[in-house]
Amino acid sequence: MKLTCTFAIAAAIAVFEAFVVVQAAAISPSPTISSLTITAAPIPTKLAKRDCVLTESETSFPLTSNIYATATATALAEMQTVGDFIVNHHFSGGLLWEDTSCSGTSEISSLWDKAVIARGLAGAHYIIPDTYLDELIEAFDDIRRHYNSDTGGYSASTAGDGDIYSDDDAQVAAALAIAYWTTANSTYLEWLSDLNTYLASVCNYDGYGCYWHRNQDYIATISQHEVAVALLWEAKLSGDTSQVSTAEAIMDWSLNNLKHPDNWYYYDGLTTGDSPSGATLSYHQGTAISAYSLLFELTGNCTYLQYAYDVGLQTLDRGDGYETPSNLNGSYAVWDNDLKYEHLLFQGYSDYLRYAESQSDYAAVIKEELEFEASYLYNWLRGSDGMYIGSVYVSGSESCDTFNAQFNATVDCSLDTGMYCNSDSSQGYSRDALTSGSAGVIWFSLAVIRNLITTVP
């Protein structure tokens with residue numbers, strides 16, 4: 001992402017994405033995968049859980065009430081709904097588009113958006129094997145247009161130049177990892193190796209600080225954590241654990257330089273030579289939970305599970321001033337930012353839950369919160385045609401007035417022409433591609449947490 005978002009911590013949720021990137025020497029893979037043969041997905045060996053004694057907080061947080069607890073779709077069915085929606089509204093001529101339903105729509109320019117859509121499609125393909133494979137191939141062919149052969153990274157634009165953001169590329173790494181796991185196509189693994197070599201190379205400020213952009217002097221927490229996660233995915237899928245120590249060093253650097261000194265929140269980042277600053281964002285927390293959970297799995301060091309617990313518990317605290325309280329009869333905000341960035345927080349809790357279930361009643365708290373969030377997601381952010389909107393707080397959304405009436409809320413529902421195709425209400429809502437992709441990743445996570453998918457790496 002080119003802009004540093006300013007949204008606060010979400011209330012808690014989980015999402016799955018335990019997949020990995022391969023570390024190897026840089027290669028020069030072929031430009032497309034359209035002609036390759038797809039075979040069955042490999043299932044990596046999952047390491048056994050280890051018992052740890054955690055130091056648990058005596059702080060208790062009120063669980064969310066069941067005010068949203070109406071019927072929620074099954075996660076598997078909703079994965080297909082989202083997959084179909086992506087195919088019908090975000091593909092044309094083998095390329096990804098903002099919204100093919102809008103006249104005058106344009107190709108998606110954002111690498112981050114394309115990567116998240118690819119992740120959503122890969123999950124949908126895994127759940128429904130006979131679907132979405134052609135579109136998944138097309139999505140990666142489109143992403144490859146961003147490839148910079150000089151560095152092994154992916155440019156923010158299809159120019160394929162040196163305008164490379166580490167967090168964008170980490171999203172590509174995530175998409176490649178799940179695509180390899182889903183299809184067993186070794187080309188994805190080769191591309192992961194190439195990209196992972198580049199990502200590790202940007203973490204060289206004052207030891208292991210990871211640059212947000214290859215030509216800027218900002219160390220972004222999101223890049224820091226996502227690069228560590230990418231290296232750990234590599235270890236999981238390849239069996240080569242040589243980069244685990246690098247991931248440990250990156251997270252140690254983050255702990256010592258980017259974490260708030262008084263709690264388990266992470267700042268947005270720091271400019272080289274300065275102190276950390278900036279809002280605590282939900283994906284900072286989610287990616288930290290993922291990294292610590294994966295480090296625990298691959299090292300057996302209980303300290304990492306403790307850190308994942310500490311970050312996750314801090315993120316559940318909705319009365320700390322880091323979140324804006326909602327006005328839902330004194331309840332708490334579900335999350336403050338648009339849906340399109342929340343899949344990383346969901347994933348973090350999902351990664352933790354894979355190891356914590358036998359460790360603490362805290363896992364039950366996360367799961368209960370998850371079901372609350374799932375109901376909110378389905379009942380208030382989903383349109384009748386399967387379109388997801390970023391937030392019920394977006395004025396002009398179809399559920400805004402109903403939301404206010406049911407919960408005595410004060411959301412501004414005045415017409416927002418920006419929500420419509422070409423700012424013309426007669427053309428209907430504009431479908432946001434990134435929101436569609438994020439919804440797909442989130443529902444895949446819900447399927448994992450509900451034990452509807454059990455063969456996960």
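Which residues does a disulfide join? The disulfide joins Cys 203 to Cys 210, with an S to S distance of 1.9 Å, where a disulfide is taken as a pair of cysteine sulfur atoms within 2.5 Å. The structure holds one disulfide. The torsion about the S-S bond of Cys 203 and Cys 210 is about 100°, so this disulfide is right-handed. Both Cys 203 and Cys 210 are buried, a term that stands for under 20% relative accessible area, with exposed meaning over 50% and partly exposed in between (1.4 Å probe, protein chains only).

This is a predicted model, in which local features need pLDDT of at least 70 and side-chain atom pairs count only at pLDDT 80 or more, while totals for chains, interfaces and linings use all residues. Residues are numbered from 1 along each chain as its sequence is written, and side-chain values use heavy atoms, with hydrogens and water left out.

Helices (H or I, at least four residues) and strands (E, at least two) are DSSP runs, numbered from the N terminus. Helix 5, residues 186–201, has 16 residues and reaches 23 Å from its first C-alpha to its last, close to the 22 Å expected at 1.5 Å a residue; the expected span is 1.5 Å times one less than the number of residues. Among the buried residues of helix 5 are Tyr 188, Trp 191, Asp 194 and Tyr 198. What covers the buried residues of this helix includes helix 3 (133–143), helix 4 (166–183), strand 3 (203–205) and helix 6 (221–238).

Two polar contacts (pairs of N or O atoms within 3.5 Å; within protein, one must be able to donate a hydrogen and the other to accept it, and residues adjacent in sequence count only if both atoms are side-chain atoms) are set out here.

| Side chain | Backbone atom | Distance |
|---|---|---|
| Asn 185, oxygen | Thr 187, nitrogen | within 2.9 Å |
| Thr 183 | Ala 179, oxygen | 2.7 Å |

The contact of Asn 185 is at the start of helix 5, whereas Thr 183 lies in helix 4 and is buried, with a relative accessible area of 0%.

The largest nonpolar core has 115 residues, and those with the most contacts inside it are Phe 140, Tyr 188, Tyr 292 and Tyr 352. Such a core is a set of buried Ala, Val, Leu, Ile, Met, Phe, Trp, Tyr and Cys residues joined through side-chain atoms within 4.5 Å. Helix 4 supplies the largest share of this core, 10 residues. Another core, of 13 residues, lies apart from it and includes Trp 112, Tyr 218, Tyr 341 and Leu 344.

Conventions
Contact = heavy atoms within 4.5 Å.
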